[in-house]
Amino acid sequence: MMGKEGSMENLSLEDDDKFTSISKSYSNYRSAMTCLSDSHHPLSPSIIDDSLDPLLASSIQPSVIDDHDIVVEQFQNPTIISPPLNLEYLNISVSDPHKEIQASPSIVPGTNTYVTYLITTQTNLPDYGGSDFTVRRRFKDIVTLSDRLSEGYRGYFIPPRPDKSIVESQVMQKQEFVEQRRLALEKYLHKLAGHPLIKKSDELRVFLQVHGKLPLPTTTDVASRVLDGAVKLPKQLFGESGNVIGPQDVVHPAKGGRDLLRLFKELKQSVANDWGASKSSVDEEDKVFLENKERLHNLELQLSNASKQAESLVKAQQDMGDTIGELGLTFIKLTKFENERATVNTQRERAADMKNVATAAVKASRLYRELNSQTVKHLDILHEHLSLMLGIHHAFSDRSSALLTVQTLISELSSLNSRAEKLETATSKIFGGDKSRVRKLEELKDSIRVTEDAKSCAIREYERIKENNRSEIDRINRERHVDFVNMLKGFVTNQVAYTERIGQEWSKVAEETSRYSRES
């Protein structure tokens with residue numbers, strides 16, 4: 001490659017006196033559906049210099065852009081725009097990855113290493129009680145934050161967090177992996193900050209402000225929940241502990257493991273629903289929701305296809321830039337060959353013309369790479385909305401889980417009432433009553449009262465999640481409209497502007513070589 005650069009320098013190509021090797025930054029392309037949890041998606045740009053954008057670069061002449069610069073501000077990166085003073089903002093950046101050493105808690109001597117990141121926050125939200133904060137967090141804290149948000153905001157479309165790499169311990173030493181994770185964490189926090197409810201939540205505020213280890217309440221400690229549920233199960237089965245679902249439990253999903261007996265009951269109810277063994281008095285009958293759910297499912301398919309086509313376009317533009325760049329380098333060698341062996345003026349003139357072609361090819365190659373960077377930035381909106389589908393699925397799963405809890409409690413109440421009626425009938429036939437049966441009947445009535453309260457709480461929780469789903473569907477439809485309009489405007493305007501600049505370069509060559517057509 002040094003030879004190529006030397007050849008380019010010998011040509012003294014006006015302001016383009018040096019030409020670096022053609023970038024291969026978009027060589028790995030994968031299906032959008034297989035990359036939902038991968039932060040290094042082909043349409044996920046690394047750090048893009050906005051000065052390369054013909055809409056944003058101040059050095060570009062107005063005659064190149066014509067009237068397209070009237071929409072410049074709409075397509076700049078929102079993370080670098082200073083918001084108006086009268087608007088609320090929450091800006092979060094992730095920087096300065098630092099390796100930490102932690103002593104191993106096991107009996108085997110050794111140490112564990114992990115990376116912490118500096119989280120910097122600037123905001124004017126009154127909930128935060130200040131404007132500037134910095135804390136250090138590790139990826140484990142991100143997982144805790146995500147779990148707490150999932151439990152505290154059921155039914156909301158919460159952006160999914162980046163996945164933890166299964167080979168993290170093997171690649172943690174690599175700077176590239178750390179940088180990719182930093183970008184993924186920053187993008188995730190940006191999404192949380194963009195959610196109208198999550199950005200003001202106590203969970204996010206504590207994450208961004210409180211120093212030290214992030215507090216983890218037992219409600220989000222999965223391991224302790226499962227352990228407690230396993231300890232409680234034998235007592236429930238043998239009647240040593242309450243085996244009814246309490247009102248305080250129904251606001252949490254059964255799959256969390258707090259109550260394994262409840263998990264089994266809901267699994268039984270789910271099987272009964274699937275096989276039609278019983279008809280529940282409560283079913284999903286919201287036609288508007290079912291239509292929206294189907295519409296979002298179809299949208300996911302369309303976004304997946306559009307994302308794949310966007311990847312193909314990025315790859316094609318990259319290949320075009322690479323090919324034209326290689327053509328320019330080839331003409332450089334040909335020019336040098338002609339100059340070294342030129343014996344007549346016509347040979348030297350031909351070499352000068354090839355120099356002009358090489359100059360245009362090199363400039364066009366650079367412009368294609370700049371255009372590709374801007375294409376990635378604009379079309380990344382497709383991948384962003386596609387990745388949000390995972391959060392939408394989780395919100396709909398919350399709704400299904402809450403409905404299943406209501407159905408289970410209704411079935412449980414029916415069973416308890418039936419048992420109470422039978423026991424009451426049997427007791428009434430015995431003169432003077434049976435003390436043991438009377439005691440059991442009182443226990444059943446207590447269970448019925450508790451289950452009635454739990455059913456009321458479960459219905460309220462279900463209705464709350466339904467309302468959350470409805471408001472989130474409205475919000476995401478509005479945001480998608482705005483995002484897609486800006487995406488299309490930015491994409492089309494950049495295509496026009498760069499095509500004009502590339503055309504100008506080739507027009508110069510056509511003008512300089514026009515004498516060949518006149519001679520012919």
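**View 1. Helix 9 passes helix 11 in a left-handed crossing.** In this predicted model, left-handed means the near helix is turned anticlockwise from the far one by less than a right angle, while clockwise would be right-handed. Axes here are lines fitted to C-alpha atoms over the stretch in contact, with angles from 0 to 180 degrees between N-to-C directions. Helices are DSSP runs (H or I, at least four residues), numbered from the N terminus.

**View 2. Who touches whom between helix 9 and helix 11?** Contact means heavy atoms within 4.5 Å. Helix 9 brings residues including Phe289, Leu303 and Ile324, and helix 11 answers with, among them, Ile473, Phe484 and Trp506.

**View 3. Helix 3 and helix 6 cross at roughly 165°.** The axes of helix 3 (residues 139-152) and helix 6 (residues 202-209) come within 9 Å. So helix 3 is roughly antiparallel to helix 6. Their crossing is right-handed. Touching residues include Leu145 and Leu149 of helix 3 and Phe207 of helix 6.

**View 4. Residues 1-81 have pLDDT under 50.** pLDDT is the predictor's confidence in each residue, from 0 to 100. Residues 218-242 also stay under 50.

**Notes.** Residues are numbered from 1 along each chain as its sequence is written. Local features need pLDDT of at least 70, side-chain atom pairs count only at 80 or more, totals for chains, interfaces and linings use all residues, and side-chain values use heavy atoms, leaving out hydrogens and water.

Terms used. Helices (H or I, at least four residues) and strands (E, at least two) are DSSP runs, numbered from the N terminus. Angles under 35 degrees count as roughly parallel, over 145 as roughly antiparallel, 65 to 115 as roughly perpendicular and the rest as oblique.
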